[in-house]
Amino acid sequence: MLALAAATAWAQPAVENLSSTSLDGVRTLAQRMVVPAAAETVWQAWTSADALRTWMAPVVGFELRIGGVLEASYDPAKPLGDPANIRNQVLAYVPGRMLAMRNINAPPKVPFDVAAFQSLHTVVLIDALGPQSAAVTVVQPGYGSGEGFDGVYRF
């Protein structure tokens with residue numbers, strides 16, 4: 001999200017940490033920021049391959065449908081379909097409001113436990129605050145205990 005703000009020449013919005021731990025010890029990583037853009041603009045920034053290429057990664061393909069895949073590479077030399085690309089599968093979405101995904105392919109040599117990471121899902125929530133203001137909250141629930149989850153949480 002910070003890259004989105006930088007790519008659009010906005011002042012860097014503050015990131016609010018909403019993370020929590022339930023009574024049974026399961027952690028939820030949650031971060032929220034308010035951006036000076038209409039909610040529809042923010043939705044497009046998260047769901048259009050062209051827009052994602054402006055702030056997320058130079059190589060992006062995205063099918064917005066249940067089971068669709070968001071594929072990305074930070075290396076412009078890695079085309080779509082490269083086995084080292086990051087792939088996230090769409091689990092659910094509400095147009096303009098919510099996108100839920102889970103990782104199905106992590107690049108090689110990531111500095112965290114891939115199995116722990118792939119057991120999680122990421123939810124992007126977009127809330128209109130006004131005509132040119134939206135809150136974006138990214139939530140990852142389900143962090144268990146142990147070094148595998150701890151490493152993903154720190155990363």
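**Exercises: pockets of a predicted model**

α1 (2–7), β3 (27–35), β5 (69–73), β6 (86–94), β7 (98–105), β8 (122–130), β9 (133–143) and α5 (147–154) each contribute at least two residues to the lining of the largest pocket. Helices (H or I, at least four residues) and strands (E, at least two) are DSSP runs, numbered from the N terminus. The model is predicted, so local features need pLDDT of at least 70 and side-chain atom pairs pLDDT 80 or more, while totals for chains, interfaces and linings use all residues. Residues are numbered from 1 along each chain as its sequence is written, and side-chain values use heavy atoms, with hydrogens and water left out.

**Exercise 1.** State which element gives the most to the lining of the largest pocket, and describe that lining by class.

*Solution.* Step 1: β9 gives the most, with four residues. Step 2: the lining has 36 residues, and Tyr74, Phe117, Thr122, Val138 and Gln140 lie nearest the pocket centre. Step 3: by class there are 28 nonpolar, six polar and two charged residues. Ala, Val, Leu, Ile, Met, Phe, Trp, Tyr, Cys and Pro count as nonpolar, Asp, Glu, Lys and Arg as charged, and the others, Gly among them, as polar.

**Exercise 2.** Determine whether Arg154 is buried or exposed.

*Solution.* Step 2: apply the cut-offs, which are buried under 20% relative accessible area, exposed over 50%, and partly exposed in between (1.4 Å probe, protein chains only). Step 3: Arg154 has a relative accessible area of 59%, so Arg154 is exposed.

Methods: 1 Å grid on protein atoms, 1.4 Å probe; cavity = no way out; pocket = protein on both sides within 12 Å on 5 of 7 lines; lining within 4 Å.
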